[in-house]
Amino acid sequence: MPKAYCHSCQKSTHHKVVMERNHSESPSVVQSILAMITQGGHYVEMEKQCYCRVCNTQNEPTEMSIQNARVV
């Protein structure tokens, strides 16, 4: 588990890194059709989210925490 600085705990703690859907604004109909043609209908844009294991607060993913993450 990667260690990163937690602003709530104010110390370096273990964090879990999970992938969540990107909640951007909904695309237009034309953009949706183009994305389906070029990428396939199953493509979902994902982004990494880091959560503190002590207080469960979401923190910004840093390069240090992402590099040390292991896939289990």
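Select Tyr51 and Gln58: in this predicted model, Gln58 of strand 4 is the bridge partner of Tyr51. Strands 3 and 4 run antiparallel and are joined by two bridges. Now trace the hairpin between these two strands, where five residues sit between them. Stop at Asn56, which takes a positive phi near 65°.

Go back to Tyr51 and look for its partner Lys16; for Lys16, Tyr51 is the bridge partner in strand 3. Next, pick Val17, whose bridge partner in strand 3 is Cys50. To see the whole pairing, select residues 11–21 (strand 2) and 46–52 (strand 3): they run antiparallel, with seven bridges joining them.

Time to zoom out. How many strands form the open sheet? Four, in the order 1-2-3-4, with antiparallel pairing. Colour strand 1 (3–6) and strand 4 (58–59): these stand at the edges with a single partner strand each, so one side of each has no neighbour in the sheet. As background, strands of a sheet pair through backbone hydrogen bonds.

Last stop: Cys6, in strand 1. Is Cys6 buried or exposed? Buried, with a relative accessible area of 0%. Show everything in contact with Cys6, skipping neighbours within four places in sequence, and you get Lys11, Thr13, His15, Cys52, Cys55 and Asn59.

Technical notes. Residues numbered from 1 in each chain as written. Predicted model: local features only at pLDDT ≥ 70, side-chain atom pairs only at ≥ 80, totals over all residues. Heavy atoms only, no water. Pairing = 2+ DSSP bridges. Buried < 20%, exposed > 50% of the residue type's maximum accessible area, 1.4 Å probe, protein only. Contact = heavy atoms within 4.5 Å.
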